[in-house]
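Biologist: Could you take me through one part of this model closely? I would like to look at the place where the two chains meet, with some background on the chain itself.

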Protein chains: 2
Amino acid sequence: MNQSEEKSKILDGRLFAQEYLEKILKPRCDIFREHYKKLPKLSTILVGSNPASESYIKLKERFFEKLCVESEVFRLPENIKEKEFLNFIEKQNKDDSIDGILVQMPLPDHIDEDIIIESINPSKDVEGLSPGNVYAWAKALPNLVPATALGVLALLKFYKIPIEGKHVVVVGRSMIVGKPVAHLFLKENATVTICHSRTKSLEKHTSDADILIVAVGKPHFIKKRMIKEGAVVVDVGINFEDGKLIGDVDYDDLKLDASYISPVPGGSGPATVCILASNLLLAFELKKAKDDEEKRNCLKTYYENYNTIGETGFCV
Amino acid sequence: MNQSEEKSKILDGRLFAQEYLEKILKPRCDIFREHYKKLPKLSTILVGSNPASESYIKLKERFFEKLCVESEVFRLPENIKEKEFLNFIEKQNKDDSIDGILVQMPLPDHIDEDIIIESINPSKDVEGLSPGNVYAWAKALPNLVPATALGVLALLKFYKIPIEGKHVVVVGRSMIVGKPVAHLFLKENATVTICHSRTKSLEKHTSDADILIVAVGKPHFIKKRMIKEGAVVVDVGINFEDGKLIGDVDYDDLKLDASYISPVPGGSGPATVCILASNLLLAFELKKAKDDEEKRNCLKTYYENYNTIGETGFCV
């Protein structure tokens with residue numbers, strides 16, 4: 001047998017992002033330019049510094065340059081007081097020129113992340129982490145959903161990987177990946193298992209997965225022996241070793257056994273950025289339609305559909 | 001071997017309720033009587049009629065009579081308009097004499113359940129289904145949690161069944177059982193699998209469970225061949241056949257194979273009622289402490305602790 005035929009197919013996040021940009025986001029931008037004078041604006045807030053955040057911001061900025069969106073990064077000092085931080089966010093909540101607010105996590109220890117997240121105006125919460133948005137995704141209602149989680153689903157849909165009835169195992173139980181991933185894949189009628197740092201016999205669970213989604217934050221943690229042959233593996237890990245970005249999955253070890261595998265970098269990252277952009281456009285459009293409940297529902301469904309079944313509509 | 005030694009132990013919800021009443025709820029009532037003139041009041045709203053709802057209301061009313069709470073059942077006509085229903089709830093939201101509002105589901109088809117749930121004042125939402133409360137349980141923050149889900153956990157804790165590291169499989173993905181069960185058991189460091197009507201090879205998943213929690217609404221659906229020997233089985237099913245209440249689990253078929261099993265009636269039902277009472281007391285106390293964030297946090301932790309680790313504190 002030809003060795004190359006045995007290889008896993010790559011879940012290419014860059015290819016996905018290119019298509020998503022051309023077929024989904026840019027046409028929407030064209031509509032915006034026609035209808036609105038002011039275009040969407042994202043505020044990214046970074047407190048202190050952190051290599052994963054810097055890498056994500058770079059990726060994001062490069063992508064957003066190709067779009068009809070304005071993007072500004074606000075850098076706050078590591079030692080900022082929580083109260084000052086809250087005032088800063090409150091100003092941006094009130095600033096009508098800003099449509100989306102993204103606070104880069106993690107925050108320094110002296111700041112309560114929950115308090116910060118809850119302080120963001122829900123209609124500007126492009127990360128889908130504020131109470132009303134969590135309620136929506138937990139209930140499977142369309143709305144702003146955490147970008148990384150929806151990015152994984154959209155990437156799999158792009159590669160036409162069947163999800164209904166599959167056993168999806170997610171390793172990690174965070175609010176930005178594990179939990180929203182579980183809810184999104186439940187909505188797609190997958191059977192979902194959530195594993196985490198306290199799971200016993202992790203290997204038993206991971207090797208039962210038809211689709212394995214990994215967000216544990218441990219470099220090359222998932223090895224070949226931990227997966228079933230033919231599994232689909234999505235690596236959401238972002239780890240830095242010697243300044244090099246590496247994932248949670250040992251790609252070289254697995255690449256002959258998985259049917260599909262996402263690389264790091266170039267897999268889940270670009271898909272995340274696409275959904276972040278989509279969330280920003282949705283937040284912008286919802287604001288424009290703020291007194292029109294019917295249009296708001298149409299918009300939520302439109303954005304959900306193109307992210308989950310690849311279909312687009314109009315709602316203009 | 002003696003046949004009786006082989007039998008499953010029963011997760012006796014009535015015994016649990018008796019102890020919970022004497023050790024947890026009544027002492028709290030004593031404190032209330034000492035401190036407050038007015039005692040907690042629950043409003044139960046039933047639209048039309050339905051045997052499961054009637055049975056639950058009867059159980060609940062009988063239990064609440066033993067407590068320091070007032071409980072009133074409001075029966076609305078089957079054909080009530082959504083708008084009238086919303087007005088009715090709005091009145092109860094504003095009525096300071098009412099501390100908790102429970103709307104019996106299911107509602108008639110012409111009424112949107114989500115709109116009704118979202119209309120309930122979150123601080124009176126003793127079912128833990130409004131946006132802020134869903135956010136809390138999805139994030140593992142203490143607050144008002146769906147009574148059936150927390151009842152299952154409390155019942156297992158009462159029988160000192162280890163949960164950390166166990167594989168918990170829940171069959172059902174509703175907002176009142178499947179989803180909150182998943183989050184509550186994740187918080188307890190279990191590995192959690194969520195199955196549902198579209199799960200393929202359900203038997204494979206259920207028979208992998210250390211703890212199986214069933215809420216599918218199909219009489220005697222779970223058979224012996226679907227569980228692992230020694231599994232703990234909790235039946236949350238409420239089905240009526242010929243006027244008789246029966247669960248989702250075929251109790252007689254399983255009773256020699258499970259290590260613990262909850263009967264229907266007399267298992268999960270009484271535990272649900274206990275947590276509903278606990279939620280009402282918590283809602284009442286949170287209202288009394290409405291401007292004291294520190295006390296509110298203390299109270300949430302107090303109620304969570306006695307429901308999840310059996311410990312009580314004071315926060316008076």
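Modeller: Happy to! Please keep in mind that this is a predicted model. Buried residues account for 46% of the 316 residues in chain A. The secondary structure of chain A consists of 12 helices and 11 strands. Its radius of gyration is 19 Å, close to the 20 Å that the globule rule gives for 316 residues, so chain A is as compact as a globular protein of that length. As for contacts in chain A between residues at least 6 apart in sequence, 69% of them join residues at least 24 apart. Now to the place you asked about. Chain A gives 22 residues to the contact, and chain B gives 22 residues as well. Within chain A, α6 (131-138), α8 (178-187) and β6 (191-195) each supply at least two residues of the side that touches chain B. By class, that side of chain A has nine nonpolar, seven polar and six charged residues.

In general, two copies of a chain are related by a rotation about an axis and a shift along it. For this pair, a rotation of 180° with 0.0 Å of shift along its axis superposes chain A on chain B, with an RMSD of 0.0 Å. The two copies are thus related as by a two-fold rotation axis. In chain A, the C-alpha nearest that axis belongs to Thr193(A), 2.0 Å from it. Of the interface residues of chain A, 100% are also interface residues in chain B, so the copies meet through the same surface.

One more residue, as background on the chain: Lys255(A) sits in the loop between α10 (251-254) and β11 (260-261) of chain A. Lys255(A) counts as partly exposed because it has 17 C-beta neighbours inside 10 Å. Leaving aside neighbours within four places in sequence, Lys255(A) is in contact with Lys7(A), Ser8(A) and Ile261(A).

Technical notes:
Residues numbered from 1 in each chain as written. Chains lettered and ligands numbered in written order. Predicted model: local features only at pLDDT ≥ 70, side-chain atom pairs only at ≥ 80, totals over all residues. Helix = DSSP H or I, 4+ residues; strand = E, 2+ residues; numbered from the N terminus. Buried ≥ 20, exposed ≤ 12 C-beta atoms within 10 Å, placed from the backbone. Contact = placed C-beta atoms within 7 Å. Rg over C-alpha atoms; globule rule 2.2 N^0.38 Å. Nonpolar A, V, L, I, M, F, W, Y, C, P; charged D, E, K, R; others polar. Least-squares fit on C-alpha atoms with pLDDT ≥ 70 in both.
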